[in-house]
Amino acid sequence: MFKRYLSIVAFIILIVWTIFIEPNKLEVTNYKIQDKELAGIKIVFASDFHIKPNQQKRLEQIANIINVQNPDLVVSVGDYVSGHTQESTMHPKEIAEELSKIKTKYGFYTTLGNHDGWYDKAYIEELLKAQGINVLNNENVKLWINSKEIYIAGVEDKMTASPNIYEALENTKSPTILLTHTPDIFPKVPSDVNLTLAGHTHGGQVRLPLLGALIVPSDYGNKYSSGLIEEKGKKMIVTNGIGVSILPIRFNCPPEIVVLEFVE
């Protein structure tokens with residue numbers, strides 16, 4: 001009887017944690033990336049926001065945490081809206097206005113995600129650009145950061161548009177950082193790209209010890225689900241993201257904002 005009672009209590013605690021506690025956490029994950037070409041540059045990477053109608057304070061928290069990092073550059077790979085209907089999300093105009101409060105020395109660059117595409121890709125892009133947030137659709141921009149010439153490239157979403165890596169990287173040279181909503185394009189990324197940043201997977205949202213994520217929206221399963229991946233001399237970071245999708249749960253996979261510091 002006592003064991004049964006403990007099992008019930010443990011189950012209740014697990015439900016409370018996965019639905020009400022962990023999804024509402026927001027951790028800062030720090031990476032030090034060895035790269036002489038980018039050394040001295042600090043980038044904040046925040047993605048998969050999925051902001052619901054009642055999450056104004058959450059959005060303010062995100063902007064405040066990013067500003068505390070004092071980044072040279074802020075980047076994202078989309079999914080600003082939650083779901084893809086007006087009822088399921090905070091209005092994208094309000095999201096864009098709050099994100100405009102993010103302070104960065106050299107700009108905020110992003111691609112868009114599948115939920116943005118399902119909602120209205122052109123409309124969300126228009127709203128973000130109106131707030132000074134630069135949207136990269138199979139294109140790139142050259143920046144000078146700390147006297148270093150770097151390129152930020154971005155590809156369109158795989159599910160709702162047509163990603164073209166070679167068009168996105170046209171006329172770039174090292175160092176280049178590539179933004180993509182899904183990590184599934186990584187095998188096709190050229191080896192001279194210094195770092196690829198991706199999201200979409202949410203880390204699987206539920207990650208079990210030893211097994212990893214049970215369900216990952218990727219053709220590669222757990223291989224590209226979360227964290228720093230190094231493959232054939234290439235590097236990619238896949239963020240767990242900030243929000244949740246489909247099921248409002250997280251376990252052993254807290255929401256995160258990623259801070260990248262490049263060192264020699």
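Visitor: What makes Lys232 stand out in the hairpin of strand 12 and strand 13?

Guide: Lys232 takes a positive phi near 55 degrees, in a hairpin with 2 residues between the strands. Most residues other than glycine have a negative phi. Before we go on: this is a predicted model, where local features need pLDDT of at least 70 and side-chain atom pairs count only at pLDDT 80 or more, while totals for chains, interfaces and linings use all residues. Residues are numbered from 1 along each chain as its sequence is written, and side-chain values use heavy atoms, with hydrogens and water left out.

Visitor: How do you know that strand 12 and strand 13 pair?

Guide: Two strands pair if DSSP finds at least two bridges between them. Strand 12 (residues 227-231) and strand 13 (residues 234-238) have 5 bridges, in the antiparallel sense, so they count as a pair. Gly227, for instance, stands opposite Val238 in strand 13.

Visitor: What counts as a strand or a helix here, and how many of each does the protein chain have?

Guide: They are DSSP runs numbered from the N terminus: helices are H or I with at least four residues, strands are E with at least two. That gives 5 helices and 14 strands in the protein chain.

Visitor: Why is Gln55 called buried?

Guide: Buried means under 20% relative accessible area, exposed over 50%, and partly exposed in between (1.4 Å probe, protein chains only). Gln55 has 18%, so it is buried. Gln55 sits in the loop between strand 2 (42-45) and helix 2 (56-68). Leaving aside residues up to four places away in sequence, Gln55 touches His50 and Met90, where contact means heavy atoms within 4.5 Å.

Visitor: And why is Glu94 called partly exposed?

Guide: Its relative accessibility is 41%, so Glu94 falls in the middle class. Glu94 belongs to helix 3 (residues 92-99).

Visitor: What makes Asp79 and Leu210 worth a look?

Guide: Asp79 has a positive phi of about 60 degrees although it is not a glycine, and Leu210 is another non-glycine with a positive phi, near 75 degrees. Asp79 lies in the loop between strand 3 (73-76) and helix 3, and Leu210 in the loop between strand 10 (207-208) and strand 11 (212-213).

Visitor: Are they buried or exposed?

Guide: Asp79 has 1% relative accessibility, so it is buried. Leu210 has 93%, so it is exposed. Across the protein chain, buried residues make up 53% of the 264.

Visitor: How do you know that the peptide bond from Ser174 to Pro175 is cis?

Guide: Look at omega, which is near 5 degrees for that bond. Most peptide bonds are trans. Pro175 is in the loop between helix 5 (165-168) and strand 8 (176-180).
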